[in-house]
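This briefing is meant for a reader who is meeting the structure for the first time. Please look over the sequence and the model shown here before turning to the points that follow.

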Amino acid sequence: MREKMRTLKRIFDNNRAWATGIREREPDFFRELSRQQSPEYLWIGCADSRVPATQLTGLAPGEMFVHRNVANLVVHTDLNCLSVMQYAVDVLRVRHVIVCGHYGCGGVQAALAGSRLGLIDNWLRHVQDVMEKYAQALARADGEGARLDLLCELNVREQVANVCRTTVVQGAWERGQELSVHGWVYGLADGLLRDLGLCVNCPEDLAARL
Ligand code: CO
């Protein structure tokens with residue numbers, strides 16, 4: 001109990017120091033930000049604690065709208081993710097949607113191994129669908145590590161396609177709203193982002209690249 005209290009105190013101490021530091025550099029920062037947000041990016045990433053979206057991109061509060069779930073999935077019936085996307089695209093008018101997976105993803109690994117972890121198995125079933133779709137390519141991968149890396153990449157690819165097929169993104173493109181969808185993978189071992197080269201700007205890109 002005492003250990004837990006100390007840990008939480010650390011969070012509040014950190015927070016005070018963080019807010020003070022920002023106010024010292026920019027006295028009006030929080031006041032201005034409290035009036036409105038106009039982020040340019042929507043990040044859809046994994047809930048993994050080692051993939052902190054704003055920290056690893058060096059973006060400040062107000063610059064990126066974020067949705068995270070286990071294995072960075074975009075499921076067509078997930079009202080949570082769809083609502084985030086709709087608000088980000090229609091109301092905040094973000095210019096870029098980024099689906100960012102990461103190597104060594106525990107969710108993807110569990111899906112690959114067919115692990116029984118409980119309720120989450122049903123969520124990870126979506127990753128297993130990706131696995132079955134690309135069974136041949138995955139079978140050619142050289143070893144377990146390479147297979148996991150490849151499935152992490154293929155999963156991002158499928159989620160980029162899912163983003164592009166939503167009514168939200170289709171509607172934005174029909175209206176002529178500029179909106180690009182990107183697929184990236186983050187390396188836990190080196191802290192670096194890789195672009196999978198899937199940048200989709202219109203329905204024609206979707207047909208050509210995915
Ligand atoms: Co993960």
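In this predicted model, strand S4 (residues 180-186) and S5 run antiparallel and are joined by three bridges. Within this pairing, Val185 is found opposite Arg194 of S5.

- The open sheet is built from five strands, which follow one another in the order S2-S1-S3-S4-S5 with mixed pairing.
- The edges are taken by S2 and strand S5 (193-195), and because each of them has a single partner strand, one side of each is left without a neighbour in the sheet.
- On average, and with direction ignored, neighbouring strands of this sheet are turned by 25° against each other.
- Helix H8, which covers residues 144-165, lies across S1, S3 and S4, and its course makes an angle of about 160° to S4.

**The cobalt site**

- Three residues coordinate the cobalt ion, namely Cys46 through SG, His102 through NE2 and Cys105 through SG, at 2.0 to 2.3 Å.
- Along the chain, the donors of the cobalt ion follow the spacing C-x55-H-x2-C.
- Since Cys46 belongs to strand S1 (residues 41-46) and His102 to strand S3 (residues 96-102), the pair ties together parts that lie 56 residues apart in sequence.
- Both of these residues are buried, Cys46 as well as His102.

**Two loop residues with positive phi**

- Asn72, although it is not a glycine, has a positive phi of about 40°, and its place is in the loop that lies between strand S2 (64-69) and helix H4 (79-91).
- The relative accessibility of Asn72 is 2%, and this residue therefore counts as buried, the cut-off being under 20%.
- Arg93, which is not a glycine either, has a positive phi of about 55°, and Arg93 is placed in the loop between H4 and S3.

**Domains**

- The domain assignment of the protein chain gives domain 1 as residues 1-35 and domain 2 as residues 36-209.
- Taken over C-alpha atoms, the centres of domain 1 and domain 2 are separated by 30 Å.

Definitions and conventions
Residues are numbered from 1 along each chain as its sequence is written. This is a predicted model: local features need pLDDT of at least 70, side-chain atom pairs count only at pLDDT 80 or more; totals for chains, interfaces and linings use all residues. Side-chain values use heavy atoms; hydrogens and water are left out. Donors are N, O and S atoms within 2.8 Å of the metal (3.2 Å for Na, K and Ca); water is not among the atoms, so sites may look incomplete. Helices (H or I, at least four residues) and strands (E, at least two) are DSSP runs, numbered from the N terminus. Buried means under 20% relative accessible area, exposed over 50%, partly exposed in between (1.4 Å probe, protein chains only). Two strands pair if DSSP finds at least two bridges between them. Axes are lines fitted to C-alpha atoms, for helices over the stretch in contact, and angles run from 0 to 180 degrees between N-to-C directions. Contact means heavy atoms within 4.5 Å. Domain bounds come from an automatic or database domain assignment.
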